[in-house]
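Here are my notes on this one, in numbered points. Have the structure open while you read.

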Amino acid sequence: MALTSAEKLLQELGITEPQEINLDAIAFYVGARVRYRPLDGCEARIVGYGNNAIITVNDTSPFRRARFSIAHELGHWKHHRGQKLACRVEDYRPRDRASPERLADSYAADLLMPYYLFRPLARAHEKLTFKVVSTLADVFNTSFTATAIRLVESGHSPALLICHDRNGRKWFTRAPGLADHWFPKSELDTASSAFDVVYGTRQGDSSPRKIKADAWFDCWEARSFDIYEQTMRVADGEILTILLLTDQRMLEERGNTSLARYRTSR
Amino acid sequence: MSANNNPEREALDRLADSLIDDILNASDEEILEEFREDGGDPEQHAAEMLALFEKSVMTANKRRLAEAAAAAAVDRAAAVSRPPTPPIDIDEARRRLRAVRANPNAPEKLTLAARNESELSDADIISLMEDIFELGATPPDDSLGTP
């Protein structure tokens, strides 16, 4: 698989271990100095002139959040040099439309969790669970949610990752190659563990549990299959759910798929 | 004494040229066969040379990272001890920042990814202007594009 621009930069600096991803050094190498100081209105910003830049990060940001912010600004430095953008560093999540922020987010994910390091470490774990997410987040010094997205999008397992709050589905992503008709419902089914967690006090599931697929999907095939669900409460009243599609028949393309009705977020 | 006046040196030079010509004129197969005749394993040797090459590249690349880390640490220390910048008039700073955003002719050399001016506190505006000053993107030529 071809390396991304962020991964090429990491290799140019001889980075072979996640612990070597020193963002201050990487930034300096590309002409950007990182400063930690109080910021009231945002998490981070970048200002540059010619080939020199200053990235300022809020000095009260948690360590992993600050790392993501620096990597995000380096994404702007790579892709938007010479431009003036209204930048909003937000929590990493799948974004629907192509935008400068999405490009900067993708660059940040590649810089913090390059696939050439991430995939081998992920493959050492047989099953995709939140415990594995937590382990990898500690290794790469990344947020729980960003790591979960990366793990699902790495193609480790045929899986979806869905984020809900009490207003319904906020976003979801899925493993590459998974058929589009496995599109999660926007509202939680009362049979799901996720329903109990988002509306109750439970923190989540310690391991995946079997559930009928039609609790999560409303396409006609769903009633024939079982899937595995694991839910975990994350910050700000949000929950994350991993759905594992373990039945091989669910991974086969169906012939007459209409994709037009699908949207990627509410 | 020049080489032209040294017959032994000239003979050695001719021998060296001849050996080089031999190598350059030989086919790949002939080279490999000769290597095998001397007891060598070309594939193993190629793998060893490739590994050595990759190790050398990796060492050089890691040195780049170490040098960048050291330079970043020096820069951080220097930033702490830098003398304070002269007071900046906040209204003027906001006006300049709005001008940068609004002016399509603002210099292309300037990169800015930050919240809009109206969303930033006075402290954020001042620290942003300090960054711009530090990068040398300000007058005497008023290069921020102030109208």
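**Notes on the two-chain model**

1. Starting with the interface: 40 residues of chain B are in contact with 44 residues of chain A, contact being heavy atoms within 4.5 Å. Bear in mind that this is a predicted model, where local features need pLDDT of at least 70, side-chain atom pairs count only at pLDDT 80 or more, and totals for chains, interfaces and linings use all residues. Residues are numbered from 1 along each chain as its sequence is written, chains are lettered from A in the order in which they are written, and side-chain values use heavy atoms, with hydrogens and water left out.

2. On area, chain B and chain A bury about 3700 Å² between them, with 53% of it on carbon and sulfur atoms. Buried area here is the accessible area (1.4 Å probe) that two parts lose on being put together, summed over both. In chain B, the residues that lose the most area to chain A are B:Thr111, B:Arg115 and B:Leu135, together 19% of what that side buries.

3. Now the polar side of the interface. The rule finds 24 residue pairs in polar contact between chain B and chain A, both residues at pLDDT 80 or more. A polar contact is a pair of N or O atoms within 3.5 Å; within protein, one must be able to donate a hydrogen and the other to accept it, and residues adjacent in sequence count only if both atoms are side-chain atoms. Four elements of chain B each supply at least two residues of the side that touches chain A: helix H3 (42-81), helix H4 (90-102), strand E1 (110-114) and helix H5 (122-134). H3(B) gives the most, with 12 residues. Helices (H or I, at least four residues) and strands (E, at least two) are DSSP runs, numbered from the N terminus. By type, that side of chain B divides into 19 nonpolar, 7 polar and 14 charged residues. The nonpolar class is Ala, Val, Leu, Ile, Met, Phe, Trp, Tyr, Cys and Pro, the charged one is Asp, Glu, Lys and Arg, and the others, Gly among them, count as polar.

4. The rule is a side-chain nitrogen of Lys or Arg within 4 Å of a carboxyl oxygen of Asp or Glu. Have a look at B:Glu134, whose side chain meets that of A:Arg35 at 3.1 Å, N to O. The side chain of B:Glu134 also forms a salt bridge with A:Arg33 at 3.0 Å, N to O. That pair crosses from strand E1 of chain A to helix H5 of chain B.

5. Which strand order does the sheet that includes E1(B) have? The order is E1(A)-E3(A)-E2(A)-E1(B)-E4(A), an open sheet of 5 strands with mixed pairing. Strand E1 (32-37) and strand E4 (84-86) of chain A are at the edges with a single partner strand each, so one side of each is left without a neighbour in the sheet. Neighbouring strands are turned by 10° against each other on average, direction ignored. Two strands pair if DSSP finds at least two bridges between them.

6. Within that sheet, strand E2 (residues 44-49) of chain A runs antiparallel to E1(B), joined by 4 bridges; A:Ile46 has B:Ala113 as its bridge partner. E1(A) and strand E3 (residues 52-58) of chain A pair in the parallel sense over 6 bridges, with A:Ala32 opposite A:Ala53.

7. Chain A also has an open sheet of 5 strands in the order E6-E5-E9-E8-E7, with antiparallel pairing. E7(A) and strand E8 (residues 226-233) of chain A are joined by 4 bridges, and A:Lys210 stands opposite A:Tyr228.

8. Last, A:Asp247 lies in the segment after E9 of chain A. A polar contact of 2.8 Å joins its side chain to that of A:Arg249. Leaving aside neighbours within four places in sequence, A:Asp247 is in contact with A:Phe225 and A:Asp226.

Conventions:
Axes fitted to C-alpha atoms, helices over the stretch in contact; angles between N-to-C directions.
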